[in-house]
Amino acid sequence: MVQIVRKSKLSAKQNRLVCNAYSVKISKSQFDKSWNLLKKEIDSLREELGADQILADNGDGLGSRGFNFINKERSYFDVNKFSEENPKLYKKYLTKKPYFEYKPII
């Protein structure tokens, strides 16, 4: 059974905490979606210009804004390849860990 705690059971501080966390979570999701779309366009512009740095100024008096494009390399463990090539060993070390997903109620 799902236990629901309503506003009437929360202190004012707890209520503010939940409302603030909700706002941040919703904003983060919206910003992540916006960033993913903008990043694709910035990547295309970077490639088109062949630039290592792009600066712009929107005339608001705050000066230039932009990006430095820094090439980096990251090592990672290829779980899919390992599980295909070593299924028994993969299953031996596969573990499950419970967690909570914080899904906003709209």
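The chain has a radius of gyration of 23 Å, whereas a compact globule of 106 residues would have one near 13 Å (taken over C-alpha atoms, with the globule rule being 2.2 Å times the number of residues to the power 0.38). The model is predicted, so local features need pLDDT of at least 70 and side-chain atom pairs count only at pLDDT 80 or more, while totals for chains, interfaces and linings use all residues. Residues are numbered from 1 along each chain as its sequence is written, and side-chain values use heavy atoms, with hydrogens and water left out.

**Overall form and surface**

- Along the principal axes, the C-alpha atoms of the chain fill a box of roughly 55 × 50 × 20 Å.
- Of the 106 residues, 2% are buried (under 20% relative accessible area, 1.4 Å probe, protein chains only).

**Secondary structure**

- The chain contains three helices and two strands, these being DSSP runs numbered from the N terminus (helices H or I, at least four residues; strands E, at least two).
- In sequence order the pattern is α-β-β-α-α.
- Helix 1 (residues 12-49) has 38 residues and should therefore span 56 Å at 1.5 Å a residue, which agrees with the 53 Å between its end C-alpha atoms; the expected span is 1.5 Å times one less than the number of residues.
- Gly-50 follows helix 1 and has a positive phi, near 65 degrees.

**Contacts and Ser-64**

- Among contacts (heavy atoms within 4.5 Å) between residues at least 6 apart in sequence, 24% join residues at least 24 apart.
- Ser-64 is placed in the loop between strand 1 (53-56) and strand 2 (65-68).
- Beyond its neighbours within four places in sequence, Ser-64 is in contact with Leu-55, Ala-56 and Asp-57.
- The C-alpha atoms of Ser-64 and Trp-35 are separated by 19 Å, and the two residues are 29 residues apart along the chain.

Terms used. Buried means under 20% relative accessible area, exposed over 50%, partly exposed in between (1.4 Å probe, protein chains only).
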